[in-house]
There are 2 protein chains.
Amino acid sequence: MSLIVQKFGGSSVANAESIKRVAKRIVEARKAGNEVVVAVSAMGDTTDELLDLAHEVAPIPAPREMDMLLSAGERISMALLAMAIESLGHDARSFTGSQAGMITDATHGSARIVDVTPVRLREALDEGAIVIVAGFQGFNRDTKDITTLGRGGSDTTAVALAAALNADVCEIYTDVDGIFTSDPRLVPRARKIDRITSEEMLELAANGAKVLYIRAVEYARRHGVTLHVRSSFNNNEGTIVYNPTETEPNGPAVVPGSSVTPSGSEGLVEEPMIAGVATDLSEAKITVVGVPDIPGKAAQIFTVVAKTGANIDMIVQNVSAASTGLTDISFTLPKTEGQLVLTALRAEQEDSGFKALQYDDQIGKLALVGAGMRTNAGVSAKLFTALYEAGINIEMISTSEIRISVVTRADTINDALRVVHTAFGLDADVEAVVHAGTGR
Amino acid sequence: MSLIVQKFGGSSVANAESIKRVAKRIVEARKAGNEVVVAVSAMGDTTDELLDLAHEVAPIPAPREMDMLLSAGERISMALLAMAIESLGHDARSFTGSQAGMITDATHGSARIVDVTPVRLREALDEGAIVIVAGFQGFNRDTKDITTLGRGGSDTTAVALAAALNADVCEIYTDVDGIFTSDPRLVPRARKIDRITSEEMLELAANGAKVLYIRAVEYARRHGVTLHVRSSFNNNEGTIVYNPTETEPNGPAVVPGSSVTPSGSEGLVEEPMIAGVATDLSEAKITVVGVPDIPGKAAQIFTVVAKTGANIDMIVQNVSAASTGLTDISFTLPKTEGQLVLTALRAEQEDSGFKALQYDDQIGKLALVGAGMRTNAGVSAKLFTALYEAGINIEMISTSEIRISVVTRADTINDALRVVHTAFGLDADVEAVVHAGTGR
């Protein structure tokens, strides 16, 4: 008997009809002879409605109480889902984060899982029940308070349960058919990826792919959990996210014709050279102009930035002009943190000795990800050529072992995405079907 | 320092504005030097909305999951209330039923409290915090499952907390100014009662007064908790519900002019003769016609009724006609249970030997309640005279030591109420102000 963990996001349980459909799907998995554990998010817009209420009663809601409030959302969806399953004639039991043994630190709003003790879940499974667990929430042993895991928390709940219960697979149900070579809303000919390594998935998620949250992928990678990202609207196979250092998971075999055959690859490719292309319009660029090119200045500047808690992404330092002894340092960061960091840097301007600050929130970032680029020369050249031929100017470049990122003007990013997608042979023969939706 | 328990119902926390107003009120009690514990219901229509959802996903929702679902309601209201208090600069902490140590049996949907262990509440109070507790909910130690207390559960939560924490008073905030001599919506000159014994309150509640639930009054009486029923819309003193066998509580003194001086009372009255008049249109009458007047027949019939679980109220058996040796037995019960009991009785007709069943759902019940009637003759006579003079026919009569109930046609019950209210000198000089609202 296999143990399957399934995660359903808010858009999959948005109303009574959706809940009944999801219940049928869960029962099918049980009838197929599997033990089934389900992590579920709050229904549709519940979280946003609760957040609105909180801000109506308090300008800065107390974090402990915010977690208490938000945790009501999954309590509703999980109880309804369990009822719907029971009405189909199957035993089902819902459990809150604390009942499920989801133990976290005490950081309200973005708690980290420190232990998972699914004793009650194991008991319920042994008694033949389908187990429904509230996603997104946990509790702290010391304060005995309820905590929430922050954005993408339900994905993380599912992966953590899969690891703790030694599940065979963790199925992440979503409103798209799986992971695509690019966002199908931007690139209609984006192709569904059948298999992708967790490392590549991590780079895609970190660079703007919204289907999976970085944190859940990281957790899955660290604990050897195989993910299956698939649609809750059909029964198609989705995308298997696996850890290639393990034994190959019992996922669906790769359909031969569907593997990527990039132009420029020679002979037998062990894995696709490029897994996908992601874009991100949520970042801004700060340039610190005229920094004295002497040791310690960059460190001084980034210490100031670090103290703000901002998440900086790409950093580029140009060579200094010999005549002036000054250099420019640019970095990207979420637009939401822009003003905070500018203020902190201005306060240090005199001490740091730089000339000026430039702020640019009209940038777009494109990231090309693929484990295959480790062993394939010419990826950068092909990328830059494709952009050049489309008349798109590159403003910043940053690379990792399996990723190349470039910054362009925001209004050229969608053109950039399409030409790169085509240049690397990722286009599918048919256009993808897109559903709208959100999740947490 | 006094310890006050306050209970706010759903209509008092129906939206963000109401929650902020209630928060201010709680803070005032804290600023006045009291320790404050608050039991709160779910916001306005939340419970009904959750019930609707449950019935959309499952024809007969599983009771365990229904409790899990409904308990989300107070989780939302209590967290919002705690946030609102914190934003006024006071420490506040919300606790679920299980965190508050509200231990119940395992009867989902109508659990009974078996123990209250408010360890965390006492700790929070000792640290100077205002404590907010989810009304209506508890948990069972054996199953470790969440339970709910059923209708009026939040009142019961408040009273149970007051008893366990040895509170000085338990304030029940509602949408009316207190307990009235009758329902102000039906009798505009109904007068607010300043003080009433728990015994009288129990009879009023059992006979249709909606402000307090029987169960909470019973609990208060058994544990010597003094209740103060008052409006959440103003600062007026409400009604003190006290247990006269205790030392008199430190409630407001009775304003001399406000005590009832019924016509026909002689000299010094120790307590008002009549506390109030309640009416109830929710019952129906079943008459078992032609029961053989031999020992054991009534017992046989009521054994059948008891097995249905119906709550029967008044029972009247007429003397048998000597010529036939047959008698009629009538009883009242909630209309909602009428068909169930009729079906059960029909199945027993042959065995019991009765002739026929009559069902009448067009009845109204009026109950006159007052501890003073114990020592005052003539109450029945005055009641029957008042009804006779108004041309209202009495169909059934039932009495207890401090209550007389009569059944009339439903369409005459409001007239009956007004003439009786006037006859016993209960009318006030001014009309009461009525707010709309519901609670749980």
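Two strands count as paired if DSSP finds at least two bridges between them, and strands here are DSSP runs of E with at least two residues, helices runs of H or I with at least four, both numbered from the N terminus. This is a predicted model, where local features need pLDDT of at least 70, side-chain atom pairs count only at pLDDT 80 or more, and totals for chains, interfaces and linings use all residues. Residues are numbered from 1 along each chain as its sequence is written, with chains lettered from A and ligands numbered from 1 in the order in which they are written.

**The sheet**
- In chain A, four strands make an open antiparallel sheet, ordered β13-β18-β20-β19.
- Its edges are β13 (276-280) and β19 (396-400) of chain A, each pairing on one side only.
- Five bridges join β13(A) to β18 (363-369) of chain A, and A:D280 has A:K365 as its bridge partner in β18(A).

**Helices on the sheet**
- Helix α6 (198-206) of chain A touches β13, β18 and β20 (403-409) of chain A (contact: C-beta atoms, placed from the backbone, within 7 Å), and its direction makes about 175° with that of β18(A).
- Helix α11 (413-423) of chain A lies across β13, β18 and β20 of chain A, at about 15° to β18(A).

**Positive phi without glycine**
- A:K144 has phi near 60° and sits in the loop between β7 (137-139) and β8 (146-148) of chain A.
- A:N166, with phi of about 55°, is in the loop between α5 (153-164) and β9 (169-174) of chain A.

Key: Two residues are in contact if their C-beta atoms, placed from the backbone, lie within 7 Å. Axes are lines fitted to C-alpha atoms, for helices over the stretch in contact, and angles run from 0 to 180 degrees between N-to-C directions.
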